[in-house]
Amino acid sequence: MFIFPGKSKLMTMKELHSYPLAYYGKGSEYFRIQIVNTILIILTLGLYYPWAKEKKLKYLYSKTTFDQSPFMFSGTGKEMFKGFIKALIVLALMYGIFFYFLLNKHMVIAFLIIYVGILAIMPLAIHGSYRYRMAKTSWKGIRFGYTGERGKFVGLFFKGVLLTIATLGIYGAWFKMKLRRYIFSNIKIGNAQFTYTGEGADYFWMNIKGYFLTLLTFGIYSFWWQKEQFDFFVNNLRIEQGDDAVFFYSKATGGKFAGLMIGNFLIVVFTLGLGYAWAVTRTMTFITNNIEASGYYSFELLQQSQKDFSDATADDMADLFDFGFVI
Amino acid sequence: MENEYVLYYNGINAQPARVRALISNGWIYVYDLSADALIQGFPLKGTTHNKVNALHYLYLDQQGLMYLEIPDDHPLAGSISVQVADANPYLGQRLMRQKTFMLTVILLGLIAGLYLLLINLVPYIGTKIIGVQQEIELGERLKQSMLDNAAMSGEEIDSAGTKELQAFADKLELSRQYPIHVTLLNSKTVNAFALPGGEIVVFSGIMKNINTPEALAALLAHESSHVNERHTLRSILRNGANALIISLVFSDASGIAGLLANSVRNLNSLSYSRSLESEADRKGMEVLLSNHVDASGMKQLMQALLQQGEGQENISFLSTHPLTKERIAEADKFIHNHPQHKQKRDDLNDIFQKLK
């Protein structure tokens with residue numbers, strides 16, 4: 001049906017687009033936000049923390065652009081405060097039971113509770129954290145979403161943990177890639193979806209190579225190892241909608257990584273930690289400048305289709321346990 | 001006015017429409033460009049403003065899905081950020097308007113104040129809550145775990161020596177509140193330390209360097225003063241408060257900052273321990289005086305350790321308090337200010353000879 005008109009509709013749609021990523025935040029602005037946050041956290045004896053997190057994330061998101069449009073984080077301190085309290089209660093209960101058994105000299109049960117407890121919370125925290133963060137992230141007014149199923153993710157997680165233990169850690173690389181594939185293949189933006197294709201075996205050999213070369217070069221290779229991990233993340237990621245896709249490419253080099261990390265280290269050390277905001281700014285700039293996206297998909301075709309989700313308990317739990325966000 | 005359009009994202013798809021926008025009475029109204037019909041009005045309260053790269057973004061709903069993209073040269077652009085800020089007051093808004101330098105000063109002042117408060121309050125309250133009996137029990141438990149650790153690295157208790165050393169200590173009145181228990185441990189380390197509640201551990205390494213009963217009495221008096229002044233308990237509480245503050249302040253920072261904070265803390269606790277050491281020296285000499293022991297034993301002790309210490313590495317007794325020369329000078333001053341009958345205590349000397 002597209003053959004007869006002089007210019008086929010299909011042909012005009014399938015145009016190669018290139019989408020730049022950029023970070024426009026300034027160290028001095030982020031520094032002010034961090035300082036005011038810290039002052040208020042101290043004055044409120046820590047209760048301000050969720051609002052501080054809101055301010056921080058809103059700033060970082062709003063200064064990051066994809067195809068010249070900024071991201072938006074719409075999570076609120078109030079939501080995160082509720083989640084924070086719930087997460088604290090869970091944590092307090094767990095440690096309460098732990099100390100109860102510890103004081104009654106049931107050392108084994110006490111430590112079992114802590115280990116099993118943390119292990120059980122981990123997948124729930126990661127899963128819920130993605131649900132919350134994605135639902136609160138939007139771009140061009142289109143909401144992101146994470147549509148993984150909790151039961152499946154927890155199952156995947158425990159199977160991976162057991163296999164990793166049974167293989168003395170070797171399976172860890174496959175485990176990590178399985179989780180990453182599951183999470184990222186379940187991330188959507190509107191009606192388009194992310195896909196991650198990194199394989200455990202490739203990841204495993206990359207890390208073996210990185211580890212030994214780092215040892216052999218007395219640590220110097222570690223920057224190139226970092227670059228390879230970054231590449232492995234970025235180059236295996238794409239966005240798909242229908243038959244069209246946008247691919248991500250890394251432009252990072254080991255030398256650039258060395259400059260970033262050594263520079264950040266010096267900034268933080270010589271400012272006694274006060275320069276942290278500038279280190280974050282340099283990192284954000286580095287990441288966005290070194291990711292390129294291009295493909296035949298046009299984001300003008302995005303439709304709102306993900307649901308809202310406002311329970312921040314898991315996100316706060318991940319914070320309290322310091323699990324970190326990206327797998 | 002016709003060409004002063006802004007882009008409107010409707011939160012349904014990612015294709016913006018050209019619209020006109022008007023702010024009036026705390027509301028912003030979005031009009032269709034062609035038909036001039038009202039699309040929707042939004043209260044400014046609840047909107048969010050962001051400016052990136054010469055473009056203003058005005059998010060109209062709480063979820064940030066509907067928004068306007070306003071170029072910097074549009075008439076609305078000039079005042080939009082102020083209007084949104086006025087309509088959406090938040091905690092810390094006044095702080096955000098301060099100069100960065102001022103903010104840094106406020107923060108550093110606040111941290112310093114909090115630090116000083118906690119660092120003094122926690123040990124104060126702690127020592128009030130923890131009674132003498134509990135302190136003794138704590139000390140015994142700490143001693144046991146330390147001895148277990150020492151045993152693992154091959155350092156055993158010298159039972160016969162411990163008995164003699166205890167007898168030596170019993171000849172002196174070292175503490176009014178606490179029962180002083182001395183333990184002699186076989187070890188090359190040149191050190192001795194006091195635990196809360198009266199437990200004193202002396203390493204055999206330090207005994208080799210002590211040549212007079214007065215110097216040994218000075219060592220025990222010094223350690224007993226740590227016990228009497230509850231120095232160890234206060235240090236434990238103070239370190240706890242320190243760790244708490246540092247984890248609070250740096251919880252957001254990277255590992256490097258944490259590491260740095262840790263070394264600052266160590267340095268700090270070193271200077272704190274120095275002030276405790278000189279207090280223990282002074283109080284120790286007072287104990288010597290009240291026991292009719294020549295207070296210059298303290299000076300002899302330090303000089304002996306200083307001489308032995310040259311070229312040796314494992315003299316912890318000095319390395320934790322490196323300003324030995326200053327301490328000797330202090331001891332000299334004390335002896336000068338407290339004239340005494342230089343007498344020998346034969347009972348101490350007898351036990352001391354057995355120990356040697």
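In chain A of this predicted model, A:Lys152, A:Phe153, A:Leu156, A:Phe157, A:Lys159, A:Gly160, A:Val161 and A:Thr164 of α6(A) are in contact with A:Gly172, A:Phe175, A:Lys178, A:Leu179, A:Tyr182 and A:Ile183 of α7(A), where contact means heavy atoms within 4.5 Å. Helices (H or I, at least four residues) and strands (E, at least two) are DSSP runs numbered from the N terminus. Residues are numbered from 1 along each chain as its sequence is written, and chains are lettered from A in the order in which they are written. Local features need pLDDT of at least 70, side-chain atom pairs count only at pLDDT 80 or more, and totals for chains, interfaces and linings use all residues, while side-chain values use heavy atoms, without hydrogens and water.

**Helix pairs in chain A**

- The axes of α6 (residues 150-166) and α7 (residues 172-185) of chain A come within 9 Å and cross at roughly 170 degrees, with axes fitted to C-alpha atoms over the stretch in contact and angles running from 0 to 180 degrees between N-to-C directions.
- That angle makes α6(A) roughly antiparallel to α7(A), a term that applies over 145 degrees.
- The residues of this contact of α6(A) with α7(A) comprise eight nonpolar, three polar and three charged, where Ala, Val, Leu, Ile, Met, Phe, Trp, Tyr, Cys and Pro count as nonpolar, Asp, Glu, Lys and Arg as charged, and the others, Gly among them, as polar.
- Helices α10(A) and α11 (residues 276-289) of chain A pack at an angle of about 170 degrees, their axes being 8 Å apart, and α10(A) is therefore roughly antiparallel to α11(A).
- The contact of α10(A) with α11(A) divides into eight nonpolar, four polar and two charged residues.

**Interface between chains A and B**

- In the interface, 42 residues of chain A are in contact with 40 residues of chain B.
- The buried area is about 3600 Å², with carbon and sulfur atoms giving 66%; buried area is the accessible area (1.4 Å probe) that two parts lose on being put together, summed over both.
- On the chain A side, A:Arg32, A:Ile39 and A:Ile42 lose the most area to chain B, together 16% of what that side buries.

**Salt bridges**

- A:Glu54 and A:Lys58 form a salt bridge through their side chains (3.0 Å, N to O), and both residues lie in helix α3 of chain A, four residues apart, about one turn of the helix.

Notes:
Angles under 35 degrees count as roughly parallel, over 145 as roughly antiparallel, 65 to 115 as roughly perpendicular and the rest as oblique. A salt bridge is a side-chain nitrogen of Lys or Arg within 4 Å of a carboxyl oxygen of Asp or Glu.
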